[in-house]
Amino acid sequence: MTRHERPRANSSVRSSIASAAARLMAEDGITDFHHAKRKAARQLGLSEHTAYPDNAEIEAELRAYRSLYQEEGPAELILALRQTALGLLDLLVDYSPYLAGSVLDGTAGEHSHIDILLFADSAKEVEIFLLNQGIVFEHVEPRNDRAEAVLVMETDTADANLVIFPPQLERVVLKHRDGRPRERVRADALRALLSE
């Protein structure tokens, strides 16, 4: 192997893992990128020490996969999920809500959740608000160290993760595990997106 063949081989392996991980996420409902990468690498017979693609590569493959194999459903589903998300942003307006995740970036599928980021003085405050509205929710373990709590509630289209952060973090740019800034939008930006 020459010195110039190795990067191409790594690129090819990364591309194969990204493609397989995207398929697993689309078909099996896996939502955790790292889990999808590990499972894809195993299915391809690669070692655990293989260089994995980053999440952006998998998101690109996921969009391509859905446009190729799931042409009809995803656009309608994403529209429905975004409309539900807008209702949640309006409902939770007192807690500086933002939409983030797969519903915003257009990679959501039938197993996806709606990710709403909230900035509140305490999680209890949000819990009391939801209870007063008659909304049933449950606690799940936060995957972000900075999150105070994650409340999951059912909606007509998908479960919604209400990820509660302290107010001072609203101005902080939250990042994905791979270091990319986590995109998020307020209700007015989501309305504009829905009217396109």
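Reader: How many residues has the largest nonpolar core?
Author: It has 32 residues. A nonpolar core is a set of buried Ala, Val, Leu, Ile, Met, Phe, Trp, Tyr and Cys residues joined through side-chain atoms within 4.5 Å. Buried means under 20% relative accessible area, exposed over 50%, partly exposed in between (1.4 Å probe, protein chains only).
Reader: Which residues have the most contacts inside it?
Author: L99, I114, I116 and L130. The largest share, six residues, comes from α4. Helices (H or I, at least four residues) and strands (E, at least two) are DSSP runs, numbered from the N terminus.
Reader: Where do these numbers come from?
Author: This is a predicted model: local features need pLDDT of at least 70, side-chain atom pairs count only at pLDDT 80 or more, and totals for chains, interfaces and linings use all residues. Residues are numbered from 1 along each chain as its sequence is written, and side-chain values use heavy atoms, leaving out hydrogens and water.
Reader: Okay, α6. Which of its residues are buried?
Author: A123, V126, E127, F129 and L130. Seen down the axis of α6, they fall within an arc of 160° (from the directions from the helix axis to the C-beta atoms), so they line one face of the helix.
Reader: And which are exposed on the other side?
Author: K124, L131 and N132. Just after α6, G134 takes a positive phi of about 75°.
Reader: New topic: T50. Buried or exposed?
Author: T50 counts as buried, because its relative accessibility is 18%. T50 lies in the loop between α2 and α3.
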